[in-house]
Amino acid sequence: MSQVPDNAPEHCPGTGSEGAGSADACAGCPNQQICSSGVGTTPPDPDVGAVRERLSGIKHKILVLSGKGGVGKSTLTAMMARALITLNNNTEVGILDVDICGPSQPRVLGAQNERVHSSGAGWSPIYVCDNLCVMSIGFLLNSDDDAVIWRGPKKNGLIKQFIRDVNWGELDYLIVDTPPGTSDEHLSIVHYLSTSTSTSTLAAVVVTTPQEVSLLDVRKEITFCQKLNIPIIGIVENMTTFVCPKCKTETAIFPATTGGGPQLAKDTGLPLLARVPLDPTVARDCDSGLNHLTLHPDSKVTQMYMKIAEQIVEYCNGKKQQ
Amino acid sequence: MTSQAGDIEDIAVQECPSNMEDAGKAEVCVGCPGRELCLEGNKPDPDQKIIDTRLRAIKHKILVLSGKGGVGKSSLAVMIAQLLASDGKSVGVLDVDVCGPSIPLMMGVADQPVLDSQWGWKPVVSPSSNIKTLSVGSLLASGSQAVVWRGPRKTSLIRRMVKDKLWGRLDYLIVDTPPGTSDEHLSIVKLLAHTHPEGAVIVTSPQKLATGVVSREIRFCQKLGIPILGLIENMSGFRCPCCSEVSDVFSSGGGEYLSVKYGVPLLGTVPLEPQLTAAHETGSNFLVQLPPHSPTVESVRQIVVTLQAKVEGN
């Protein structure tokens with residue numbers, strides 16, 4: 001990836017590009033002289049080998065993205081991981097939580113009090129069950145309410161350690177829970193996960209809720225993926241409708257004023273993987289770190305998450321054969 | 001965080017200095033990838049005088065924070081602003097969410113560009129409520145293009161938004177923020193610091209998954225010396241339009257829990273309301289779109305009454 005310094009002007013061609021220092025956009029840039037002299041190019045990352053080594057045992061990497069906060073990325077990540085194991089209990093799954101400021105995976109997976117240990121083999125991820133492991137900054141903080149007031153470079157440094165230093169072992173799937181937005185964490189995780197052999201999959205699942213205020217941000221996330229050449233497996237619309245437990249009336253609490261997930265899928269040509277209803281038991285189970293899929297195997301939400309997992313498997317198997 | 005072969009040790013992240021003025025200078029900062037930025041961030045700003053002049057023309061500045069995404073920060077920022085405006089106050093809304101600005105849609109100004117004048121950027125005024133707005137969304141007009149900026153570039157834009165915006169005299173400036181506790185938050189707090197913002201209103205949803213993250217935002221405020229005016233619990237239950245049964249869609253109790261744990265007043269709880277989403281999405285004034293005695297209107301009205309008493313009473 002060509003580097004764009006933080007003080008660069010709009011349309012900076014990147015310090016590593018051929019036009020660095022000489023493009024029209026370079027006029028007036030404080031780095032122009034350095035770029036045109038050729039000495040300012042970014043040196044190769046010494047950790048590339050170590051990152052590649054760690055990733056070599058991971059077959060499929062799935063980013064769970066949204067752009068919008070609060071649409072259910074963390075819930076989807078955990079449920080999708082559990083669903084993949086339910087489909088085939090020989091599947092080895094890892095979850096990487098790169099939401100540095102607001103880590104949710106420790107709570108959702110019922111692993112809040114765990115600590116990370118390090119040995120010669122690297123950092124041990126936390127095992128929630130035999131074939132599901134997870135890494136999050138939530139396990140590394142000394143208190144459960146300490147503010148993580150980190151600027152971008154420090155967040156990027158930890159994300160690199162999550163890839164380079166964690167002993168992930170052999171995984172069929174690494175599912176990455178991301179924070180809202182399109183910033184440091186997203187650029188970093190894509191950069192490091194792309195340092196891998198071409199036989200492994202890197203793809204995204206995009207989550208939205210039905211209302212336009214979500215779709216506004218999610219469209220940006222889709223163009224982010226397209227800009228960075230990350231294929232999108234499909235769109236999940238979460239919190240589609242709510243069914244009253246008493247009278248069974250269905251209400252769209254977050255109305256799809258502009259067509260919601262289905263319209264977005266149509267506009268972008270992406271598959272709509274599922275429309276997941278709002279079920280209060282999901283929120284309660286996530287709060288308590290319980291596995292909704294095993295507690296409520298017949299719920300509509302469980303059916304939808306199994307459907308999403310099946311489509312992930314189908315996509316990844318299809319990529320393997322190409 | 002390194003280990004010797006054969007050793008097993010617990011890994012923990014080292015905390016940043018508790019005093020933000022020591023950022024970049026403390027022993028723990030040596031070797032930190034963010035050190036240069038922190039040192040840069042602590043240097044005096046050459047434009048501080050202009051920034052302070054702009055901000056001193058605004059009587060009361062209130063941050064709307066959460067830490068957690070999707071709890072309704074923008075929604076509440078807009079409702080608070082619209083209620084204050086209906087009370088005859090002159091109000092502005094500043095949206096510093098660079099990646100996901102929601103304010104232009106909610107204020108009905110999505111298609112209006114920001115105009116430059118010799119005195120600075122002119123306000124974009126919401127047609128439904130006579131509220132001045134400035135959002136990254138209006139400045140960049142990027143549509144569906146992602147704004148993929150790293151921290152320092154976001155910080156630089158936010159600084160320009162405060163320095164170059166011609167707010168004029170206002171009674172209230174409501175600042176909508178993105179989720180998290182990072183560059184944008186540090187930047188806006190630093191910019192406002194000299195002109196003493198009233199403080200922050202913190203928004204949560206009832207779920208523990210939210211309160212776990214919002215606790216960190218409360219500690220962020222405490223660490224940076226930002227007064228906390230109070231908590232709002234949003235998405236607090238849903239009343240079925242058919243049978244009136246109230247369901248705790250996103251669990252319950254989060255606001256009360258945080259209020260007790262941190263000694264912060266709970267200003268109010270706001271229920272889930274589909275008509276509110278519809279009002280926001282059309283850029284309408286919720287006071288016009290919702291029935292006057294709807295639980296949402298009554299709840300937010302009470303919150304604003306309490307906030308005004310706190311802020312104007314000082």
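This is a predicted model: local features need pLDDT of at least 70, side-chain atom pairs count only at pLDDT 80 or more; totals for chains, interfaces and linings use all residues.

**Confidence of the model**

Residues are numbered from 1 along each chain as its sequence is written, chains are lettered from A and ligands numbered from 1 in the order in which they are written, and side-chain values use heavy atoms, with hydrogens and water left out.

Next, select two elements of chain A. Helices (H or I, at least four residues) and strands (E, at least two) are DSSP runs, numbered from the N terminus. Helix H1 (residues 32–37) of chain A has the lowest mean pLDDT among the elements of the chain, 52, while strand E2 (residues 93–97) of chain A has the highest, 98. Then select residues 37–41 of chain A, where pLDDT stays under 50. For this stretch the model has four contacts beyond four places in sequence, a contact being heavy atoms within 4.5 Å.

**The annotated site**

Select residues Gly67(A), Lys68(A), Gly69(A), Gly70(A), Val71(A), Gly72(A), Lys73(A) and Ser74(A), which an unreviewed UniProt entry lists under "binding site". UniProt positions are given in the numbering used here, feature names are shortened, and annotations may be inferred rather than shown by experiment.

Centre on Gly69(A), in the loop between strand E1 (58–65) and helix H3 (73–87) of chain A. Gly69(A) counts as buried at 8% relative accessibility; buried means under 20% relative accessible area, exposed over 50%, and partly exposed in between (1.4 Å probe, protein chains only).

Move to Gly72(A), in the loop between E1 and H3 of chain A. With 13% relative accessibility, Gly72(A) counts as buried. Beyond four places in sequence, Gly72(A) touches Asn238(A) and Met239(A).

**Between the chains**

Show both chains. Chain A brings 79 residues to the contact and chain B brings 78 residues. The area buried between them is about 6,800 Å², of which carbon and sulfur atoms give 58%; buried area is the accessible area (1.4 Å probe) that two parts lose on being put together, summed over both.

How many salt bridges are counted between chain A and chain B? The count is three, a salt bridge being a side-chain nitrogen of Lys or Arg within 4 Å of a carboxyl oxygen of Asp or Glu. To view a salt bridge, select Arg151(A) and Asp183(B), whose side chains meet at 3.7 Å, N to O. Among the elements that give two or more residues to the side of chain A that touches chain B are strand E9 (232–243) and helix H7 (212–227) of chain A. H7(A) gives the most, with nine residues.

Select Ile308(A) in helix H11 (residues 300–321) of chain A. Ile308(A) is buried, with a relative accessible area of 0%. Its contacts beyond four places in sequence include Leu76(A), Met80(A) and Val236(A).

Finally, select Thr133(B) in strand E7 (residues 132–135) of chain B. Thr133(B) is buried, at 1% relative accessible area. Among its contacts beyond four places in sequence are Val93(B), Met107(B) and Trp167(B).

Technical notes
pLDDT is the predictor's confidence in each residue, from 0 to 100.
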